[in-house]
2 protein chains.
Amino acid sequence: MGKVYVVGIGPGNREGMTLQAVSAIRESTVIAGYTRYLELIPDLCQGKRIISTPMTGEAKRCRMALQAAQEGATVAMVCSGDAGVYGMAGLLYELSGEFAPVEIEPVPGVTAACSGAALLGAPLGHDFAVISLSDLLTPWELIEKRLDAAAKADFCICLYNPASKSRPDHLKRACEVLLRSRRPENAAGVVRNIGREGQSAQTMTLGELSSYPADMFTTVFVGNTQTKIVDGKLVTPRGYGNV
Amino acid sequence: MGKVYVVGIGPGNREGMTLQAVSAIRESTVIAGYTRYLELIPDLCQGKRIISTPMTGEAKRCRMALQAAQEGATVAMVCSGDAGVYGMAGLLYELSGEFAPVEIEPVPGVTAACSGAALLGAPLGHDFAVISLSDLLTPWELIEKRLDAAAKADFCICLYNPASKSRPDHLKRACEVLLRSRRPENAAGVVRNIGREGQSAQTMTLGELSSYPADMFTTVFVGNTQTKIVDGKLVTPRGYGNV
């Protein structure tokens with residue numbers, strides 16, 4: 001029986017990969033993934049069959065991977081960050097019914113909430129919510145509802161996909177929702193190009209965040225009401241008492 | 001100037017560590033951490049000065065690590081999972097003001113939300129909330145408020161610290177809150193001893209979860225209203241439309 005590893009490779013640099021992720025890719029004879037991610041691991045792809053499709057071809061890519069596994073191959077489906085957080089693991093399981101039984105094994109990785117947080121300090125030191133601002137597969141009304149709920153219940157918040165060319169104003173709209181219950185002074189921060197060339201991190205207030213020009217390489221953090229800036233770092237205390 | 005790496009070592013097995021985490025510990029001459037975590041990496045600790053305190057001695061351990069760094073050492077403060085998610089990174093920043101300036105560098109790791117999800121399938125494939133059920137540093141009323149908000153806004157939910165000897169009924173109480181707005185049939189799952197001896201994963205309904213005997217080695221997952229069981233795996237679709 002063939003097998004598909006769904007491998008989270010972390011933020012992008014080799015150092016951010018787990019030993020398990022490296023092993024799973026080494027063991028595989030077929031590598032599937034978005035072209036951009038495969039370019040991050042050229043040596044691990046060398047000499048292997050590559051299944052690559054553009055960003056929007058996720059379902060097709062999953063079917064090609066499952067097809068190869070059905071024919072007996074061991075396939076590594078490469079995702080950035082973690083394999084399960086807005087990754088391909090769920091889609092593979094959903095589409096697997098179209099094929100003869102193959103084993104699917106997710107290999108977890110460091111998701112941008114964690115790798116990005118590390119660059120800013122410790123913004124996710126207490127309960128947190130991860131929300132994608134992409135409305136390609138989710139109604140914007142539900143995204144707004146989640147933003148509002150997370151802000152009111154004082155969650156730390158990490159926003160994925162804060163903007164793209166087709167939706168340049170999503171971060172601004174999200175901040176407007178958060179500002180219904182949070183003060184403009186609420187601590188926030190952004191990271192760009194985590195683990196890649198041009199990596200940067202910047203703290204700011206929620207008020208400033210609403211006019212920040214985010215792009216698809218940006219991950220956004222909004223602290224809870226206790227989050228503070230300590231020596232330039234975004235720090236959320238572990239609790240609501242004294243340490 | 002001394003330095004403290006705050007290192008997330010992932011779930012517990014060597015394969016779950018990132019290359020960066022291994023390097024940071026190798027580079028350090030002093031290793032600090034909860035005894036139980038240091039026992040997971042005996043070879044990396046060999047020949048180094050060890051600062052170890054019991055579970056509840058976090059602030060003391062951080063101060064000892066900062067003290068060693070102030071004296072010029074490179075210290076690795078070892079956390080399980082990620083360094084910033086209920087980890088020591090925030091506390092180190094908060095306490096650092098008591099010492100001469102030292103560099104603090106968080107090294108992110110795979111948190112239990114991601115490593116546990118991988119064992120169950122793909123329960124966190126859409127927006128999710130991470131909530132700790134420990135009320136040692138957080139009022140229970142706020143924990144309830146977050147559970148209620150997350151359930152109502154249809155987040156996938158991952159629960160850390162679902163129970164301990166002193167609070168055996170927290171998971172049951174949490175489920176009662178979730179069941180105010182979610183059906184008892186809502187898909188859920190638990191994992192135990194992720195990446196360690198006795199590792200296990202089990203899917204169930206939210207109704208069943210409320211009487212599950214969780215302990216401090218358990219991580220709990222509650223899907224959103226779209227989450228389903230596919231071939232024994234917990235799978236949350238990427239969106240609310242068709243794939």
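Trainee: How many Å separate the centres of domain 1 of chain A and domain 2 of chain A?

Mentor: In this predicted model, the two centres, taken over C-alpha atoms, lie 28 Å apart. Domain 1 of chain A covers 3-107 and domain 2 covers 112-235, with bounds from an automatic or database domain assignment. Residues are numbered from 1 along each chain as its sequence is written, chains are lettered from A in the order in which they are written, local features need pLDDT of at least 70, and side-chain atom pairs count only at pLDDT 80 or more, while totals for chains, interfaces and linings use all residues.

Trainee: How many residues of domain 1 of chain A are in contact with domain 2 of chain A?

Mentor: Eight residues of domain 1 of chain A are in contact with eight of domain 2 of chain A; contact requires C-beta atoms, placed from the backbone, within 7 Å.

Trainee: How are two packed helices described?

Mentor: One gives the angle between their axes and the distance between the axes. Helix 7 (residues 140-152) and helix 8 (residues 170-178) of chain A pack at about 45°, with axes 8 Å apart. Axes are lines fitted to C-alpha atoms over the stretch in contact, and angles run from 0 to 180 degrees between N-to-C directions. Helices are DSSP runs (H or I, at least four residues), numbered from the N terminus.

Trainee: Which residues meet in helix 7 and helix 8 of chain A?

Mentor: A:E144, A:L147, A:D148 and A:A151 of helix 7 meet A:A174, A:V177 and A:L178 of helix 8.

Trainee: How are two copies of a chain related?

Mentor: They are related by a rotation about an axis and a shift along it. Here a rotation of 180° with 0.0 Å of shift along its axis superposes chain A on chain B (RMSD 0.0 Å), by least squares on the C-alpha atoms of residues with pLDDT of at least 70 in both. The two copies are thus related as by a two-fold rotation axis.

Terms used
Helices (H or I, at least four residues) and strands (E, at least two) are DSSP runs, numbered from the N terminus. Two residues are in contact if their C-beta atoms, placed from the backbone, lie within 7 Å.
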